[in-house]
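Subject: A structure for you to explore

Hi there,

Here is the structure I promised to pass on to you. Please open it and turn it around for a while before reading my notes.

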Amino acid sequence: MSTATQPLNVNPTPPSRPGSKLDSKPDSKWVGLRWWSMLAIGMSQLMVVLDATIMNVALPSAQIELAFSDTLRPWVITAYALAFGGLLLLGGRIADLMGRKQIFLIGLVGFAVASALGGAAPTFAILLAARVLQGIFAALLAPAALSLLTTTFTDPAERGKAFGIFGALAGAGGAVGLLLGGVLTETLSWRWTLYVNIAFAAIAFVVGLIAIAPTMRERGVKLDVPGAIFASLGFFALVFGFTNAEEHGFADARTWGFLAAGLILLVVFVMIQRRGKSPLLPLHIVLDRDRGASMLAIFVSGAVVFGVNLYLVYYLQIVLGFTPLQTGLAVLPLCLGIMIAAVVSTSVLMPKLGAKVLVPAGMMISAIGSVLLMSAKADSSYALHVAVPMFIIALGLGAIISSAMSVGTLGVDSHHAGAASAAVNASQQLGGSIGLAVLNTLVAGATITAIDGGKGQLETLVSGYSGAYFACAVLLVVGAIVTALMYRRRADAAVPTGVAAVHM
């Protein structure tokens with residue numbers, strides 16, 4: 001990463017632009033309602049993140065009712081990830097240009113309508129279309145929510161608390177999705193894993209409409225259409241390529257073909273951004289050392305969160321024989337650990353230690369938990385061999401996510417807050433997609449080795465899952481070393497008043 005950019009803690013009040021009130025100081029009315037706005041923003045973030053996993057537990061029931069094949073089943077998850085990841089940068093820039101509150105409310109309504117469509121889907125095609133629509137509106141909603149959080153909480157002390165809560169929701173959302181998916185599938189129906197979003201969106205919309213300060217669109221600034229096209233196609237191709245690798249491997253022509261196309265499209269995108277007058281993603285956002293370290297940390301945490309969630313569900317349901325409800329309850333230590341660590345890290349430890357210490361430390365803690373999780377066998381007890389390592393992993397992830405995301409775009413001009421938020425989101429989405437593809441390949445290899453060694457069916461599956469946990473541990477250790485070298489010393493320990501800080 002380039003070190004020639006301006007240090008993150010040296011960027012006082014960002015310049016305002018004519019016709020924009022995005023940076024104006026809110027009046028007392030909106031200041032008094034700021035914690036109510038936190039409810040709306042936090043609920044929207046939870047809804048977007050948990051929808052990446054909430055249908056994992058419900059898929060078998062949906063498959064039986066709608067009668068679609070095993071080959072089509074992964075597309076219920078992939079369709080959401082493709083639309084969400086592919087359109088994030090475009091959604092973030094639209095929020096900057098069109099007004100963040102407006103796009104936030106539009107995103108909530110669209111997400112609710114798409115969820116209602118999916119819940120009532122009579123066929124697989126309609127369910128798939130609904131998941132694509134969910135991803136599109138999530139790409140609008142997520143960056144708008146992050147930007148609103150940044151401009152609402154400007155006091156450093158309050159910002160730490162708000163971003164601690166937000167980071168906890170971002171990190172634990174996947175595990176909450178598994179919990180909620182299990183409860184709803186077993187007590188009601190798989191359709192309620194989609195219908196539940198209507199309630200979330202309705203509450204967030206009403207509270208947001210009342211409590212979030214109005215924002216105005218930027219005048220005289222045009223959307224970077226060529227950049228939007230190449231960025232969207234590039235991210236779509238990458239996510240699709242890695243998703244295809246999960247099922248068909250990296251040797252498949254579609255896998256490397258889409259990966260190569262994605263890289264080429266993103267190279268063209270970068271060239272467009274270097275020359276554009278109003279770039280979709282100003283390159284200085286990602287070229288600073290601290291921002292680069294933060295996005296790397298978010299990438300790693302995304303890979304670990306998605307991987308651990310997936311293989312824990314497999315282990316709990318297939319090996320230990322848990323029901324969907326029991327599986328949802330069994331991942332509670334993951335939710336609680338991330339939430340506790342995220343709030344404590346941002347509110348208490350960040351001002352004293354900074355991300356240079358907290359992020360690598362969190363990665364090492366999670367690596368220890370991943371190694372301990374490898375001790376789980378086919379006849380192991382849940383409490384000792386699953387719950388305890390899961391909680392240790394969660395503590396580390398909470399520290400990583402809250403610390404890295406609290407400085408991921410520190411010092412960025414607030415007029416680019418949406419674009420910076422989208423870049424942070426994209427790091428997590430790519431981490432999850434790439435991580436799952438690589439982990440699935442490693443699990444397949446470990447499983448084949450176990451079969452050759454004459455192990456039984458359950459022991460073979462467990463050996464595959466252990467391979468995934470070991471890979472997570474290695475990734476975390478490497479990430480700890482690299483981020484420790486990349487972060488500046490205490491550059492993120494304090495945030496001056498007036499600096500725009502975007503958090504995930």
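Below is what I found, going from the whole chain down to single residues.

**The overall picture**

Please keep in mind that this is a predicted model. The protein chain is built with 18 helices and zero strands. It has 504 residues, and 59% of them count as buried. If you look at contacts between residues with a separation of 6 or more, 86% of them join residues 24 or more positions apart. The accessible surface of the chain is about 18,900 Å², and carbon and sulfur atoms account for 72% of that.

**The inside**

Which residues touch the most other members of the largest nonpolar core? They are L89, F104 and Y315, in a core of 138 residues. Helix 12 (residues 289-319) gives this core its largest share, with 15 residues.

Leaving out residues up to four places away in sequence, F104 touches A40, I41, S44, L141, A144, A145, L148, A204 and I212. One of these, I212, also turns up beside S37: apart from neighbours within four places in sequence, S37 is in contact with T152, F153, A211 and I212. S37 sits in helix 2 (residues 34-50), and with a relative accessibility of 1% S37 counts as buried.

**Aromatic rings**

The whole structure holds 10 aromatic pairs. Y80 and F111 make an edge-to-face pair, with 6.5 Å from centre to centre and 85° between the planes. This pair links distant parts of the chain, as Y80 belongs to helix 4 (residues 75-98) and F111 to helix 5 (residues 100-119), 31 residues apart. Together with F84, Y80 and F111 form one aromatic cluster.

Now look at F236 and F240. Their ring centres are 6.3 Å apart and their planes are at 15°, so this pair is stacked. Both residues are in helix 9 (residues 225-248), and because they are four residues apart, about one helical turn separates them. F236 is partly exposed, with a relative accessible area of 33%, whereas F240 counts as buried at 13%.

**Salt bridges**

- E65 and R191 form a salt bridge whose closest N and O atoms are 2.8 Å apart. E65 is in helix 3, while R191 is in the loop between helix 7 (156-187) and helix 8 (192-211), so the pair links parts of the chain 126 residues apart. E65 counts as partly exposed at 45% relative accessibility, but R191 is buried at 15%.
- R254 and D252 meet through their side chains, at 3.5 Å from N to O. R254 counts as partly exposed, with 43% relative accessibility.
- R488 and D290 meet at 3.1 Å, N to O. R488 lies in the segment after helix 18 and D290 in helix 12, so this bridge ties together parts that are 198 residues apart in sequence. R488 counts as buried at 18% relative accessibility, and D290 is buried as well, at 2%.

**The outside**

I481 is one of the residues placed in helix 18. As background, nonpolar side chains in soluble globular proteins tend to be buried together.

Finally, one backbone detail. Most residues other than glycine have a negative phi. A67 is not a glycine, yet its phi is positive, at about 55°. You will find A67 in the loop between helix 3 (59-66) and helix 4. A67 is exposed, because its relative accessible area is 67% and exposed means over 50%.

Best wishes

Terms used
Residues are numbered from 1 along each chain as its sequence is written. This is a predicted model: local features need pLDDT of at least 70, side-chain atom pairs count only at pLDDT 80 or more; totals for chains, interfaces and linings use all residues. Side-chain values use heavy atoms; hydrogens and water are left out. Helices (H or I, at least four residues) and strands (E, at least two) are DSSP runs, numbered from the N terminus. Buried means under 20% relative accessible area, exposed over 50%, partly exposed in between (1.4 Å probe, protein chains only). Contact means heavy atoms within 4.5 Å. Accessible areas come from the Shrake-Rupley method with a 1.4 Å probe; for residues, only the protein chains shown count as cover. Rings of Phe, Tyr and Trp (its six-membered ring) pair if their centres lie within 6.5 Å; planes under 30 degrees apart count as stacked, over 60 as edge-to-face and the rest as tilted. A nonpolar core is a set of buried Ala, Val, Leu, Ile, Met, Phe, Trp, Tyr and Cys residues joined through side-chain atoms within 4.5 Å. A salt bridge is a side-chain nitrogen of Lys or Arg within 4 Å of a carboxyl oxygen of Asp or Glu.
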